[in-house]
Protein chains: 2
Amino acid sequence: MAGAMAASTELESVRVTRILRDDIVLGRRLPGSRLVERDIAAELNVSRLPVREAIRTLVSEGVVVARPRTWAVVREFTHRDIQDFAEVREAIETLIFVFAAERHDEHGIARLRGAYERELAAAQTEDSEAARVAAAEFHEIAVDLAANEMLGELIAVFLTRLRWLFGQHDDLLAMADEHRVILEALVERDTEALRKIIPEHLASGQAAAARRLADGSGVMA
Amino acid sequence: MAGAMAASTELESVRVTRILRDDIVLGRRLPGSRLVERDIAAELNVSRLPVREAIRTLVSEGVVVARPRTWAVVREFTHRDIQDFAEVREAIETLIFVFAAERHDEHGIARLRGAYERELAAAQTEDSEAARVAAAEFHEIAVDLAANEMLGELIAVFLTRLRWLFGQHDDLLAMADEHRVILEALVERDTEALRKIIPEHLASGQAAAARRLADGSGVMA
DNA sequence: CCGGGCGTGTTGGGATACCAAAAGTTGAGG
DNA sequence: CCTCAACTTTTGGTATCCCAACACGCCCGG
């Protein structure tokens, strides 16, 4: 649902935040690298203020660490951080899908099924970009069905780190299949099954993070 | 300057944030009331910058809402918001105490017991301030024992709204007793009991929020 | 050869002044 | 009473300037 309408006047701080976030998530700024307000401001032709806002935001999203009166740095995740994150995410995601199972209506299921089918089709034609988008929509719709705004807030905070850590989950078909299983349990309002399925679903994503960790491309001991 | 003796070198933005947060939590600024940067800056004898920082922070803590290019306002919580919050909190708190139960050591239990005993003593002498502090410590130590940093991050974000919504839980002795029950289950590593106890524990706090809601002293339909 | 100080340059936190754009507000006219 | 156009308020942003805290490299002594 994003990007339906063109932003008439995007706030600079939002633009800077997006640029910096993408730089980090896409690996153009490596963990440990400095984020110097003046330099970034000069690079992007803005004043320091939007840059400060952006850095604050990224700190709250957990991908940047900032100590008072020194430069901020791109966060270096430890094995422990990833483990901690996974534990919390498991609880939150379970909550989302269980609530969604309890509260969904016909229309919601239709939307969810639509997202799943688009994901599957994209996966079968190996259009990884479209598959990723559809998968994200699947989660988005699930949050919607869970009918709990705070859950949405929480997920928003998690999303950046999620993108960073689990960047590209390559096994598209396996992922789509997991979503099929979740969808089926959701339709049947089978919360018990969900409580078993979600942790398994997440575990497969964990593998990607572990791989990234092995590469050393962004995670420190 | 209005410089009350700053601790060592407290950042202005931190000071302003604390003042504004207390104003909101303690009801000196009512839900819906405007937060005008330059007015607040003048009141506190600072420039607009620290005020902006503070408002952003309070937005991220969920007690202020800000739309672009207009004043921010103190958030008005709906019944739905409170319900949503309670649902998520239940999941997070359960996670904390279950992890704490699985991972605690002797020393941790001693600390936890210390906090409980201080809470009980304060409750018996009706020192509500000391009881509140000890109860907060009890939770803090539990997060510590859970050995998951992200859980700590999450709780930090929740804490302000928690203070706002459940301001003063008056039944001190009942609360201390609930902590005793939790502590016992924690010592025995009885996670099943905890999963039953925590929701009950939280439900009693809910009553306070409901009361506040009935008063109309900060919650709108 | 190594480690602790010390001085220097860098960097964020903050103040002030000013501007543009988009909100909110008001009032006149239908 | 409603609508639409002026008017005012308020934020987002730019541009500078200053200062204190931090980082870092250099030097010196053990």
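In the predicted model, 16 residues of chain A are in contact with 16 residues of chain B. The side of chain A that touches chain B draws at least two residues from each of α3 (48-60), α4 (79-103) and α7 (149-165) of chain A. The largest share, 7 residues, comes from α4(A). By residue class, this side of chain A comprises 9 nonpolar, 2 polar and 5 charged residues.

Chain A is superposed on chain B by a rotation of 180° with 0.0 Å of shift along the axis, at an RMSD of 0.1 Å. This relation is that of a two-fold axis. The C-alpha of A:Ala91 is the one in chain A nearest the axis, at 3.6 Å from it. Of the interface residues of chain A, 100% are also interface residues in chain B, so the copies meet through the same surface.

Within chain B, helix α5 (residues 106-124) packs with helix α8 (residues 172-187) at an angle of about 160°, and the two axes are 9 Å apart. Angles over 145 degrees count as roughly antiparallel, and α5(B) and α8(B) are therefore roughly antiparallel to each other. The crossing of α5(B) past α8(B) is left-handed. On α5(B), the contact is made by B:Ile109, B:Leu112, B:Arg113, B:Tyr116, B:Glu119, B:Leu120 and B:Ala123; on α8(B), it is made by B:Leu172, B:Leu173, B:Ala176, B:His179, B:Arg180, B:Leu183 and B:Val187. The residues of this contact between α5(B) and α8(B) divide into 10 nonpolar, 1 polar and 3 charged.

Note on methods. Residues numbered from 1 in each chain as written. Chains lettered and ligands numbered in written order. Predicted model: local features only at pLDDT ≥ 70, side-chain atom pairs only at ≥ 80, totals over all residues. Axes fitted to C-alpha atoms, helices over the stretch in contact; angles between N-to-C directions. Helix = DSSP H or I, 4+ residues; strand = E, 2+ residues; numbered from the N terminus. Parallel < 35°, antiparallel > 145°, perpendicular 65-115°, else oblique. Left-handed = near helix turned anticlockwise from the far one by under 90°. Contact = placed C-beta atoms within 7 Å. Nonpolar A, V, L, I, M, F, W, Y, C, P; charged D, E, K, R; others polar. Least-squares fit on C-alpha atoms with pLDDT ≥ 70 in both.
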